[in-house]
Amino acid sequence: MSCYKKPKKHEALLWSIALPGFGQFLNRRLFKGSIFILLEFLVNVLSNFNLAIIYSFTGEIQKAIDVTNFQWLMFYPCLYMFAMWDAYRDAEGEINPYSYIPFVFGAFFITIGLIFSTKLKIMGVVLGPVILPILSLVPGLTIGFIIYHIVLTTNYRRH
């Protein structure tokens, strides 16, 4: 007889960061995890995201821009952040009904970063379809957590 205990929220979240779907596997949501992994591979391959990552991290930003299929890569931020939130939500422990807010704002800001990744220059440099969206996550999460705390405070005062 196997004794199963749900993973902690941070464990499911970190595995989902590694690969969307892994957090669902930890939570024993095998079908949902398989769907996320399938979608991850589909979007990754059709957008040429791995090549864009390689070119970006080796400083070849124009090559990263050239190989990227933006029509497919635009799906990635929402898929990625939703898979992380879903794994976090299903893991062990209480969850606040507004815990999705930082994830949503993270996805939104990553998407905005992706949209402007071929044109926006920071200190004269175009950061491309990988670096700028990653950097865009920081203000997205920051604003998301601020709004989350405002909603919690407002809700707390009403009750």
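This is a predicted model: local features need pLDDT of at least 70, side-chain atom pairs count only at pLDDT 80 or more; totals for chains, interfaces and linings use all residues.
**Notebook: a look at the core and its rings**

I started with the largest nonpolar core, which has 18 residues, and found that Phe49, Tyr76 and Met81 have the most contacts inside it.

**Entry: Met81**

Which residues does Met81 touch, leaving out those up to four places away in sequence? I listed Phe103, Gly106, Ala107, Ile110, Leu137 and Leu141.

**Entry: aromatic pairs**

Next I turned to the rings, and the count came to nine aromatic pairs. I picked out Phe49 and Tyr76: their ring centres lie 4.9 Å apart and their planes stand at 50 degrees, so I noted the pair as tilted. This pair links distant parts of the chain, since Phe49 is in helix H4 and Tyr76 in helix H7, 27 residues apart. Are Phe49 and Tyr76 buried or exposed? Both Phe49 and Tyr76 are buried.

I went on to Tyr88 and Phe103, whose ring centres are 5.9 Å apart with planes at 45 degrees, so this pair is tilted too. Tyr88 belongs to helix H7 and Phe103 to helix H8, so the pair ties together parts 15 residues apart in sequence. Tyr88 has a relative accessible area of 23%, so it is partly exposed. Phe103 has a relative accessible area of 12%, which falls under the 20% cut-off, so Phe103 is buried.

**Entry: the whole chain**

Finally I stepped back to view the chain as a whole. How many helices and strands does the chain have? I counted nine helices and two strands. Read from the N terminus, the elements go α-α-α-α-α-α-α-α-β-β-α. The C-alpha trace spans about 50 × 45 × 25 Å along its principal axes.

Of the chain's 159 residues, 37% count as buried. For contacts with a separation of 6 or more, I noted that 64% are between residues 24 or more positions apart. The chain exposes about 9700 Å², and carbon and sulfur atoms supply 70% of that area.

Key:
Residues are numbered from 1 along each chain as its sequence is written. Side-chain values use heavy atoms; hydrogens and water are left out. A nonpolar core is a set of buried Ala, Val, Leu, Ile, Met, Phe, Trp, Tyr and Cys residues joined through side-chain atoms within 4.5 Å. Buried means under 20% relative accessible area, exposed over 50%, partly exposed in between (1.4 Å probe, protein chains only). Contact means heavy atoms within 4.5 Å. Rings of Phe, Tyr and Trp (its six-membered ring) pair if their centres lie within 6.5 Å; planes under 30 degrees apart count as stacked, over 60 as edge-to-face and the rest as tilted. Helices (H or I, at least four residues) and strands (E, at least two) are DSSP runs, numbered from the N terminus. Accessible areas come from the Shrake-Rupley method with a 1.4 Å probe; for residues, only the protein chains shown count as cover.
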